[in-house]
Amino acid sequence: MLYKQEHHIFREAFKRFVAEHITPNVDAWEEAGEVSRDAWLAMGEYGFLLPWLPEKYGGYAADFLYSVIIMDEICHAGAVGFFAPLHSEIVAPYIMTYGSEEQKAEWLPKAASGECILAVAMSEPNAGSDLASLKCRAELDGDEWVLNGTKTFISNGGTADLTIVAAKTERGVKDSSAISLFLVPSTAPGYRVGSSFSKMGLHSQDTAEIILDECRIPAKMILGERGKGFKYLMNKLQQERIVLTIQAQAMSEKMLEMTVKYAQERKAFGQSVASMQHNAFKIAKMATEINIGRAYLDSLVFRHMKGDNIVTEVSMAKSWVAEMANRVAYDCVQLHGGYGYMEEYPICRFARDIRIFSIFGGTTEVMNLIIARSMGVI
Ligand SMILES: Cc1cc2nc3c(=O)[nH]c(=O)nc-3n(C[C@H](O)[C@H](O)[C@H](O)COP(=O)(O)OP(=O)(O)OC[C@H]3O[C@@H](n4cnc5c(N)ncnc54)[C@H](O)[C@@H]3O)c2cc1C
């Protein structure tokens, strides 16, 4: 088994944290359209942000299973809109891997304490799946980079203190080697948060537009080497997609759990809704698929921790688990009947929130492209 005694102890401790600091606040965050700063700071104070971070930068050098536990439990609590996983497991690793010593020392301790919220801005109004076609530009002017462009659908966009921005640095170069990454603080002149999006789900997640209008940052804020941005983004996709798969998997487990409970209690025609054979089989089928998802995911987590290149397998997991979780959401709402459509029943929020998992971080179709390419059929 992957998990040891210390992981189980940690899970129990984190569950207590969630019960105290997250669950009671989710409704207020959903209403406000963002997660409070206090929650970020509390996560940081207890060591639940960037748990993998080396001690010299203020972390605990914990293995990836601790991160998995944190993601599982945030999702089980119905707080998937709290994008601590994006901050800890998707954005911060770019700084850790590609940042200069100065950048790491400046930003990683603040990210671990929750003082500095992180975001990553790749997507643009006309460049989502086809990232290489992005238009945002960065020009060197003396000892400053000047960035111009609009980034859209940026998670943590309204609250982020530091955003990794993908921009083109080379003129006349059409391919992806024109892209570089930059660390852009929200205090940089010319940096502005645009519209905050009203979305189908993830209501507590502040997804916003970021506008860079003659935005000036010091030359040293480039992340890694000039022209290597696209390569860096590709290198980190395995981690990004396994993180999204973990969240979708955890949500599917919670949806089934709450539905079984509800359907066992709810009576119709003199028996529980769960015990009607059609529904019992539906539940059995969901449980089977969810278990298959967890088994495959665990095997990938293990290989990911070993450092294997499993981009294709992770793409398979991301597409299958996200679609599976959406099927589960549909059937779980159905089993709740009209109550499943009511806000006061958590399945309602879960069903809304899960929809995006087959879209962001690469759509199911893009996952299929990667898989098909790896098989040489395209
Ligand atoms: C809530 C939310 C949060 C997000 N957070 C972030 C973030 O933090 N940072 C960030 O940079 N981006 C973020 N995104 C953007 C997200 O990653 C993109 O929306 C996603 O990659 C899809 O891009 P698109 O919306 O431009 O769709 P498009 O690329 O326009 O795709 C439209 C449709 O065409 C399909 N399609 C495209 N190409 C192909 C193909 N070759 N073959 C078959 N079908 C294809 C797609 O699968 C999709 O069904 C977020 C989006 C949302 C909605």
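A pocket, as I use the word, is an open set of grid points with protein on both sides within 12 Å along at least five of seven lines, and its lining residues have an atom within 4 Å of a point. The model I am showing is a predicted one.

I'll take the second largest pocket to begin with. How much space lies in it? About 330 Å³. The lining of this pocket is made up of 16 residues, and Q238, Q239, H304, M305 and G307 are the closest to its centre. By type, the lining has seven nonpolar residues, six polar and three charged.

Now the largest pocket. The space in it comes to about 1,300 Å³. It has 47 lining residues, and those nearest its centre are S123, I359, F360, G361 and G362. The elements giving two or more residues to this lining are α5 at 84–98, β3 at 144–154, α7 at 229–235, α8 at 237–265 and α12 at 364–374.

Which element gives the most to that lining? It is α8, with five residues. As for residue types in the largest pocket, 27 of the lining residues are nonpolar, twelve are polar and eight are charged.

Methods. Residues numbered from 1 in each chain as written. Predicted model: local features only at pLDDT ≥ 70, side-chain atom pairs only at ≥ 80, totals over all residues. Heavy atoms only, no water. 1 Å grid on protein atoms, 1.4 Å probe; cavity = no way out; pocket = protein on both sides within 12 Å on 5 of 7 lines; lining within 4 Å. Points joined across faces, edges and corners; volume = space filled by probe spheres on them. Helix = DSSP H or I, 4+ residues; strand = E, 2+ residues; numbered from the N terminus. Nonpolar A, V, L, I, M, F, W, Y, C, P; charged D, E, K, R; others polar.
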